[in-house]
Amino acid sequence: MAPTPPGNDRTRVHVVSDVHGNARDLARAGDGADALICLGDLVLFLDYADHSRGIFPDLFGVDNAHRIVELRTARRFEEAREFGARLWAGVGGDRAAVIEQAVRKQYAELFAAFPNPTYATYGNVDMPPLWSQYAGPGTTVLDGQRVEIGGWVFGFVGGGLRTPMSTPYEVSDEEYAAKIEAVGEVDVLCTHIPPEVPELVYDTVARRFERGSRALLDAIRRTRPRYALFGHVHQPLARRMRIGATECVNVGHFAGTGKPWALEW
């Protein structure tokens, strides 16, 4: 990561989200910045654009990955669960242990790619109990917490809200709202999921509304941060909009673009 040039008192951070296994580009994501911010979803279980990538096709093959994507995209979640259960029944052993082993392999590569310093929070597909085992001294993990960067206060809230997908780090609306409340007033509010605004939560490729947070939307209106940054929705109807005084920005699907979003002040 390039240091700030002498005499230049400006601060530049690069922000990524939805890394989904893209360690190669992650290793360069902090180039030219004073810090990297990561808004979660490091793990790649299944790539909806390339069904050959991820833990699921590694275990069950591409044809089965095609099928489960088809069912989920059609919102036939119960059929998808039953289909997945049949596949897992043929694996044998402890399902949780098999998944954890695969996730650990990805985390070892991804955390090694983080530049120093990195400030990160969890996505809904991440496994928070494992992060402390892989985060090096240059990586600060925050969830419902604040940190100062270049004179601005950044608040971080990780995870997602409960959905029929039942991803690993989903919490209740009440728990999520409590984390938003704990962060309080900040200059930049960093979350994995967006506020509950139709244009920000609708995925134009998956053709469905993802879950956004009403508590987050209320906090943006009440506390008026300069920016609200988030990811989660890979191909949103709107990538940015203003809510009152706040610029709301989907920082992008980093797995697909390989490019961080830059903020300078």
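Two strands count as paired if DSSP finds at least two bridges between them; the exercises below apply this to a predicted model.

**Exercise 1. In what order do the strands of the open sheet of 5 strands stand, and which of them stand at the edges?**

Solution. Begin with the order of the open sheet, which reads 4-3-2-1-15, with mixed pairing. Next, take the two ends of that order: strand 4 (139–141) and strand 15 (261–264) each have a single partner strand, so one side of each is left without a neighbour in the sheet. From one strand to the next, the twist averages 20 degrees.

**Exercise 2. In which sense do strand 1 and strand 2 pair, and which residue of strand 2 does H14 stand opposite?**

Solution. Strand 1 (residues 12–16) pairs with strand 2 (residues 35–38) in the parallel sense, over 4 bridges. Within strand 2, the residue that stands opposite H14 is L36.

**Exercise 3. Describe how helix 7 and helix 9 pack, and classify the residues of their contact.**

Solution. Two packed helices are described by the angle between their axes and the distance between those axes. For helix 7 (residues 173–183) and helix 9 (residues 214–223), the angle is about 20 degrees and the axes lie 9 Å apart. Because angles under 35 degrees count as roughly parallel, helix 7 is roughly parallel to helix 9. The crossing in which helix 7 passes helix 9 is right-handed. Turning to the residues, helix 7 contributes Y176, A177, I180 and E181 to the contact, while helix 9 contributes A215, L216, A219 and R222. Sorted by class, the residues of this contact comprise 6 nonpolar, no polar and 2 charged.

Definitions and conventions: Residues are numbered from 1 along each chain as its sequence is written. This is a predicted model: local features need pLDDT of at least 70, side-chain atom pairs count only at pLDDT 80 or more; totals for chains, interfaces and linings use all residues. Side-chain values use heavy atoms; hydrogens and water are left out. Axes are lines fitted to C-alpha atoms, for helices over the stretch in contact, and angles run from 0 to 180 degrees between N-to-C directions. Angles under 35 degrees count as roughly parallel, over 145 as roughly antiparallel, 65 to 115 as roughly perpendicular and the rest as oblique. A crossing is left-handed if the near helix is turned anticlockwise from the far one by less than a right angle, and right-handed if clockwise. Contact means heavy atoms within 4.5 Å. Ala, Val, Leu, Ile, Met, Phe, Trp, Tyr, Cys and Pro count as nonpolar, Asp, Glu, Lys and Arg as charged, and the others, Gly among them, as polar.
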